[in-house]
Amino acid sequence: GAESVSAPGFLRRMGAVIYDALLLLAVWFFATAIILPFNSGQAFAAEQYFFPFYLLAVSYVFYGWFWTHGGQTLGLRAWRIKLVNSNGVAVTWRQVSMRFMAAMLSWICLGLGFVWCIFDKKRLCWHDSLSKTRLVFLPSEKSGRQK
């Protein structure tokens, strides 16, 4: 069952985070190109607070869509990790919202929320616990066929 599936370790999680960060950066470039004409083609200034909130909203939609549609971003898929709720099924948008906000808190605390999975018995990060979600490690198809 869902409980017998192991949780990914810290390094595997960070691999997925880095992979997704690169993809998200490309999405940010595209999202910026879309709204740049509305700023007369000029770079956004520091006092234009709309822009960082816009990129935050783009990030939320990016992660939220992937998490609610199969539980895997491209980085999670590459590292054979899947996001599920505590019952082992797909997450809801409410859980996505909580996870996204809690993950930001984890980063604001210098990544401590992510490092927490090293010390947690169930390998949960802060945002896993707060959103009642968890990451599960998916065995490769090759190892599944050999059994």
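Predicted model: local features only at pLDDT ≥ 70, side-chain atom pairs only at ≥ 80, totals over all residues.
Residues are numbered from 1 along each chain as its sequence is written, and side-chain values use heavy atoms, with hydrogens and water left out.

**View 1. The protein chain and its elements.** The protein chain has seven helices and two strands, which are DSSP runs (H or I, at least four residues, for helices; E, at least two, for strands) numbered from the N terminus. From the N terminus on, these elements follow the order α-α-α-β-α-α-α-β-α, and the C-alpha trace spans about 60 × 30 × 25 Å along its principal axes.

**View 2. Helix α2 beside helix α4.** The axes of α2 and α4 (residues 93-108) come within 10 Å and cross at roughly 130 degrees, the axes being lines fitted to C-alpha atoms over the stretch in contact, with angles running from 0 to 180 degrees between N-to-C directions. Residues of α2, including Leu56, Tyr60 and Trp67, meet residues of α4, among them Trp93, Phe100 and Met104, where contact means heavy atoms within 4.5 Å.

**View 3. Thr68 in helix α2.** Thr68 lies in α2 (residues 50-68) and counts as buried because its relative accessibility is 18%, buried meaning under 20% relative accessible area with a 1.4 Å probe and protein chains only. The side chain of Thr68 reaches the backbone oxygen of Gly64 at 2.8 Å. Not counting residues up to four places away in sequence, Thr68 touches Val91, Thr92, Trp93 and Val96.

Key
Buried < 20%, exposed > 50% of the residue type's maximum accessible area, 1.4 Å probe, protein only. Polar contact = N/O pair within 3.5 Å; in protein donor to acceptor, adjacent residues only side chain to side chain.
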